[in-house]
Each structure stands twice: as C-alpha cells, then as structure tokens.
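Open the model in your viewer and get ready to select side chains.

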Amino acid sequence: MAFMTRISLALIVSLSLANAAWAQSSSEGTIRGTVKDEQGGVLPGVTVSASSPTVAGTITAVSGTDGSYRLLNLRPGEYTIVAELVGFSKYARSGIVVRSGLNLVVDIQIKVGTLAETIQVVGESPMLETQKPVQAVNISGELQRALPLSSRKDFSDFLELTPGITARTFDQGSGGQVYMLRGSEIENHVVQVDGADMGSFRQGWAGLYVGLSNESIDDTQITTGGVDASAPLGVGVVINIATPSGTNQIKGSAAAVYQAKGWNGNNAAAGGKSAHQKVFQPDLSLGGPLVKNKLFFFGSFRYADREVGISRTPDQLRGLAVDPAFTPFANGGKGKYYYVKGTAQLTQNHQMYVFYQRDFTPELAAFPTESKPFNIVGFGGNGLGARLSSTWGSAVTTKVVAAYNDKSSNSTFASFKGHTFPGPGEDIFTSSFISSGRRTGQGRIATTNTSSQGIGPTQKITLQADLTYFKTGWWGSHEFQTGVYSQPRLSIFNDTRYSNGGNPGFQSAVLLDPTNPTGGTVVFHRRVYDSPTIRSNSRLARDYAMFFQDAWKPSSRMTLTAGVRVDRILVKDRTFNKDVQDSWEIGPRFGGTFMLTKDTKNIVRANWGRVADVPQPGYLPSAGGNPVGQTDYYDNDLDGVFETVFRTPPVTPENSDQVVDPKRHMDFIDEAIVGYRRQLPRQVSVDISFVRRYYKDRPARVEINRIIDGVTFKGYKNEAQNDIFLVTNNEWNTQVYSGLEFTVAKRTKKLNVLGGYTRGWQHLDGTWIPGDPASYIQPAAFPNDTGIGTIRGNETNSLSGTADGRSPSWQKHAFRVGGAYNAPWKLLFASNLVFLSGPYSGPIVTRIAAPDPQFGPSTVTLSNGRVVSNPLATTIRFAYATRGEGQIKAPNLIIWNIRAGRNFTMAGRTLDVGVDVINVTNRRADQQFQNGGNQLYNTTNYAIAPDGSFRGQTRQAPRSAQLSVRYAF
C-alpha cells in the first residue's frame, strides 16, 4: 500500500510540473470547420461554443482570420453548436454527436441580423472522420449495454462488433474471449482508459487483464489500422475507452444480470459435457458534482460470480478415467472491479482528471484434459491514471498523461491456496514412439497433475507530454504535433515452484492398452530438477520515445499527414545481470484524406506506416534459459529400466545457452491501407478498404552450437551445453496478410447498427530459419498459405511434433453485425451475429518407421562422455509436399444472440428489463484442435473422427437464457 501511495504522489507531482502536453490517442473528439457569411466570405472573430446535457461545462472557440474554428477536447455526447457575432443572427445547430477520438467537420453559415434572433439549423450529424486516414470504429457504451454480445458482459465485448477481428473462447478459464487482428496475437494490443495505458506489461490482452464495469463505458474508439505517430507501440488494436466524468446533476445506475445453471441447453456430443454458464453479476455507478461547475466525480463497481462448465468431448472424458480420482468439475471464480474518477475544471481552458481502478479475479482455469483443479489464474491488479488538458489561446493545446498499472496473472502464490496436489506433474498418452533417441508421447489424453506453479508480478509506468500547434499559412493550414513518451519502468519477474520438490517434477506415461484408459499405464519419461524453486526470469525494460507529425491542409478538401515516431527500447535481464537490448525503433507514417464533395460525405483515404510491436516479455530477449539444470530419464524399451539419460546443464552467465544479437530489435509491421468512406442519408455510413500487412523481423532463435557436416549431425562445439541459440530477429521469412474490409453503420435514436465483413488472405514469404531441422530434411516443404502459425516467433524446430501450429489469427472470412431497435410501446429488440470461418490446423505431420541414417545416429556421445540427442534423427515428417497442403480447417463458428426487453419511465428514472438468448440455434462448433497448439499427426485419428466429423475441443457455449435489469436515474 505504501508503494501505491508513492506512485499516486509521483503521478500528481508529474502533472503539477508539466507545462504543455497533447495526446492524439484521446478519449475526446473535436468539431472544426469554417464560418462564412451568406456570400461565402470567411468571418473572423465569431464566437463558437458547444454544450451538451450529458457533459459538464461549455467549450468555446473564436474563428481565426481564415474563418476557421476548432472545438477541442469534447467528451463523447450529443452537442448543440452556437455561433455568435455582432451584426449577425445567432446560429444554433443541435444533434451533433461527438465520439471518442473522432474529428468532425461542421461548416457554419450565419446571416445578417441581430443576436436577439436565432436561426435554428437542422441537419444530420456528421459521422465520418475527416482529418486522419485512420481505420477505426466507435461503439458507445449505450449500444454495448443494449446488445446481447456475451453472457459475461465483459467491457471488451465491443470487439465482438469490430471489423477485422477474429476471436475464440479462452480455453483456460471462465469463458472469456481472446481477440486477434489481421494475424496479430491476443497480446499485441494497446488498452487505454481515458488515454492512460492500462495494458498489462505481461501481455497486452484486450480483456482479461483489465476488468471494468460496463457502466464505466461512455464511448470506445477501436483503431485497427493507420495509427498516427503519437499512438503507443503495438501491432494489434489500439483501444481507447472514454469513461463518464460526472456533471452538475447526480446520475447513477444499478444493474444486474442473472443466469441459472438450469437455463443452459446442451450442445455436447452424446456422452460429452457442454460449457454451461452460471452468472450473477451486479453493477453500480454514481456520478455528479462535488463543487458545481468545478469539481465532479464518477465511480462504478462490479461483482462477478461466474461458473463455466468445461467443454469436454466423450473421448476426453473416457481418457480422464485414467485418473481414479477424477470427477467432473467446472471452471469459474468470483471477482470485484472498482473504478473511481475525479474531474476538475480548473479554469475554462484547463481541465484535470485522476482515476483509480482495481480488479482481481482469481479463477479456476482448467483445460479439458486436466483431471484436477490445479490450474488457477488470478487476472487483474491496480491502475492509476491522471491527465491535465489545456488550451493556450487559439493556436496551442497541450496535454500530459501519467499512468501506472501492475496488471498481471497470479501476483502471489496465495492464488494457488487449496489447489496444490502431491506428486509430480504427469501427462498420459495413448501411444508413444522413439524420435531422436527419446521416447515421445502421442495423443495426450490426460494431465493428472501440474509440473509447476508460477507467479509473474509486473509494473508499468507511463508518462506522456505532447503539444499541438495550429498554423495558418505556409500554403494552407497546418496542425503540428510533437511530444515525448516514456515508460521508465516495465518490470516483471517469474518465480517457479516445481511439483514434488522437483524430484521428479514431471513424468510422462503411456497406456498399456491404447483403447482402455483404466487398464494401467507405464511411465517412460521422468524429469528431475536441480532445485525445487527458482526465479526463472526477471527483466526490466524501458521505452523512451518522441514523435513529430503534421496534418497539412493545402485546400479545404485535402489533408496530408506525415510523421515519425522514434522509440529507444532498453532491456536488462536481471536474472543474469546483462543488458540484452538497446534498439532504436523508427516508425515513419504517411497518409492523406480527400473530400470528393463539399458536404464532407464522400472521403477517400490512404496511408502507409511502419509500426513496432508493444514491448512485452514474450517478445523481448533474455540472456539465457532456465537457471535450473535438469536430467531427463527415458525408458525407451518400456521395461521399467530408465536406461537413456540426457542432462541439460543449468544456464549461468558464464555458460549460457543463448547469445543475444547486439542488433536485436522489436518486430514490426509495414502496413498500407486505401479506402473510401461515405455518409448516406438517414445517418448511414459505409466504408470499404484494402489492407496489406507485412509482419517483419519477428523474434527468432537461431541454433549456433551444432556441428553438422553436410546433413549429418556430429555433436556440439561447446560440449558443456546442448543447443545454443542466437537470439535475433527473423530476417529469413515474413508473414503477409491481405484483406478486403466492408463496414456499415446506422445511428439514430430508434435504430443503431454496426456491422462488417472481412475477407482475408495470408501466406509466408521467404525461406527457413537457419538451423531448423526441416531445412535439412524437407527443404522444399516451406511454402504455406493457410495456417501459417503465430507471429510470436522463436520456433526452432518445425519438425519437433510440438511446434506451435496455432493459427486462429488467420481466418479467411469474418462477419460481425449487431443492432438495437427501440420499438413502439417502449419495447427493445436487439441482436448480434458473428460468423468466423474457422482456423486452420497448421502443417500436418506424419511419422516414418525409423530415422534416416544420412542424418546421423539417434544419439551422439561427446568427447566429455555426455550423450546427446540428434535433432536430425527425428522420425517426424511433413505429410505433404508443402506445409500449406492438406491442412484441416475447424468448423465455421456462428453465434447468434437476441434480446427482447421493455423500458419503463418514471419521473425521469428508467427501468430496463430484458431477456437474452445466447447461441439461439444451439450451434456446436469446436474452436480448437484436440492437440491444442501442437502439430497434428495422422489427421484421420487426431482431427477427423471415423464418421468423418471434425474432432476438436473448446466447443462454443450452448444455448442459454439470461435475465438483465438496469435502473438509471
């Protein structure tokens, strides 16, 4: 608590010392335009103001010598614009809807007259971004709460409506979704709350590491492409959530959702178990004035009590019978989410806010093949944010943002209380085979105990200071933006506690009878660790950045943007006390928009940019592997004698299994987008775009210690270690994404609709990473244009049998649509539909009867007497001529949800009651392959059942009903 107090004081001090700042990743929008008279002449000196019944205060600007005005820092809401100038009638236009991060153009024409008369202008609210060539959508909190997007009602449910997003159910936990964008992974996203970075340093997941009540959401902008130079690093989505700030009126809400276990259907195969859900989740919020017109507050709270059944196939349940103690159990847990915010209007031109957010959700998170509830994930932590926004005359605006969060998973071993079991970790397989001198399991049917439990506390501090300067002249007008960005502390350490004291900490067993899980097993592999506990990883990273960009308007219809962001990334491996990265990430950005018509309703746009990925542990280098040595014992003959022994020495600073390339830097994308957006009558907008992404310089580990003569393995140069890897960047192959995206939106008081369709293509350019055994054994098999794997990189052996073949990011078709209709008699009908075409399996592998002798013997005895495995003596082969051929596609995922409700109004208070039906048609798509992320062997047995049906796991939740109630005042 003392540490949190110090952080809070540091944030406040940093704000008080800041003199100028601006942040493009803003939770506010802008309205800008030109004031003219009836003859078309520009009018300087016109006072233009914007006010909203849902936002405190009035924002005012004065038109410049060219007639232009800018209303900045507008919170999301519906505004009335008023323009006044002596000698002219007052101009008033209502119904202008401002969204988070959106720049709208509203040109004003005033008539000669007196201020005593007001000209009311009626028109549709503009909907299109006019200044930036950005690819983004806005989803209001009101729309999100009106739609039956999921049974959990997570704050991140807005991604269920975002075009370009693929997703799957989190297969370890209480049913939350994980989201990916155009090939990116689940952790490459940026999550900001009111412009403050709340994403975990451990993983930038868009939902599970941050918990908010849906009552905390005013509006959300989700940027999926074309980010400008001020945006933080990240190749996924950039999320900016605008939360309520309170007004001069006390407002609040009390809501709850309830779903009984008996309200679930069953979509499991006969003899299987479906992922039923049981939910009780109340939400509270309250906001209002502390000092009228000066100081406001807002707060929210959520309590979540969830139980989620584990989707298990009949085969998985039969396999789990290998553990006599197994009885079916469910995942789930209880969590609390807090959010409190204070906003101060210091003067008309200076505003400050501070917020504190906390969530902690320890959940049982078992995989389908785990027989005991030993897997716990405790997502969440603390978050602090503060911001000072200022306007200095008509030409300069500034902002400063400071943030801290310690979001993580399992910050202490206390999370595992009551979930630790005696004995070693154990995996049980239906069959086994020998490859590279080791007996290897195939067809894992059960994990009866975990091999270890670990914690990973994190800390992230972010400071931003940015400035915008508006300049008229120089062949048009300019909006110069510059700023600095600092994350001086990105910290994580991982402590690991091995089961059974590490002796043995883990073992593998095979069924005596492959068809009878209860017929006994034989252990064929044991692993003994040198120590029962270890700090396996400790890293400190820092990111220091600056950016500069200009939005140049050479004409009233055209805006050209150019900018550059420069980040210096520093990483220290504290485990080995070594600096492992000092890189400069340079990201140029270019783009432009052009209004085809004067009414600003037809806009073409284009942009190109280089964007580096967000610094996070899984993508940062380390100076070595596990500091704990291990000894692996194999009973290759299955006779009870562990005759084969492989020793993996401990890694030390003097004897490491990794060497870091001094040129190691962050992976990045080169992205190009061209698009056209149009606003149609009746508040309808459409957008069509083409996107091309190149994922370049992904993390790579290149083996440099093996002695290979032609294609024959001879041993190791440094005999004190086995494989030694050069930690570098993958310059040998690139993942390429191409996509067409269509988006449509309609926004009126009666009907709100947002939908999109994406058609994607993907392929691998280049060749094998040096040292990959596949480059010696099947060099012609490289091409792949289906399931091309994860962008996480670091894969060292494509023929290991356990290579990461997961490809949920790469799906050919994604369709998402949702809409809410306020019908007569205060009825509400809402629905959303998701169609995803399903991921591919990744390359299919098979086995040959025996190792090919041209690659050397299965084991090699080094000159120091140590026996090592030959990585080229594998019996695993790609089953087809190329890796892209023969891949299996998971079934289409279709989720259709509906809601029917009724609104009751009582003296300014409202009561909404609704019933949701989730998965109306009780679809039963399995979203993953039974092998998890590993390669598929012999698809007839492992992906396709004898009856020809797909054999998978993580089945979508069955049809269910849920009751929701919300009272607002």
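**A tour of the salt bridges**

The structure holds 39 salt bridges. A salt bridge here is a side-chain nitrogen of Lys or Arg within 4 Å of a carboxyl oxygen of Asp or Glu. Side chains of opposite charge can pair when their charged atoms come close.

This is a predicted model: local features need pLDDT of at least 70, side-chain atom pairs count only at pLDDT 80 or more, and totals for chains, interfaces and linings use all residues. Residues are numbered from 1 along each chain as its sequence is written, and side-chain values use heavy atoms, with hydrogens and water left out.

**Stop 1.** Select E84 and K90. They form a salt bridge, with the closest N and O atoms 3.6 Å apart. E84 is partly exposed at 29% relative accessible area. K90 is partly exposed too, at 23%. (Buried means under 20% relative accessible area, exposed over 50%, partly exposed in between, using a 1.4 Å probe and protein chains only.)

**Stop 2.** Now select R152 and D154. Their closest N and O atoms are 2.8 Å apart in a salt bridge. Are they buried or exposed? R152 is buried at 5%, and D154 is buried at 11%.

**Stop 3.** Go to E215 and R966. This salt bridge has its closest N and O atoms 2.8 Å apart. E215 counts as buried at 7% relative accessibility. R966 counts as partly exposed at 24%.

**Stop 4.** Finally, select E28, R75, D194, K341, R387 and K399 together. Salt bridges that share partners join these residues into one network.
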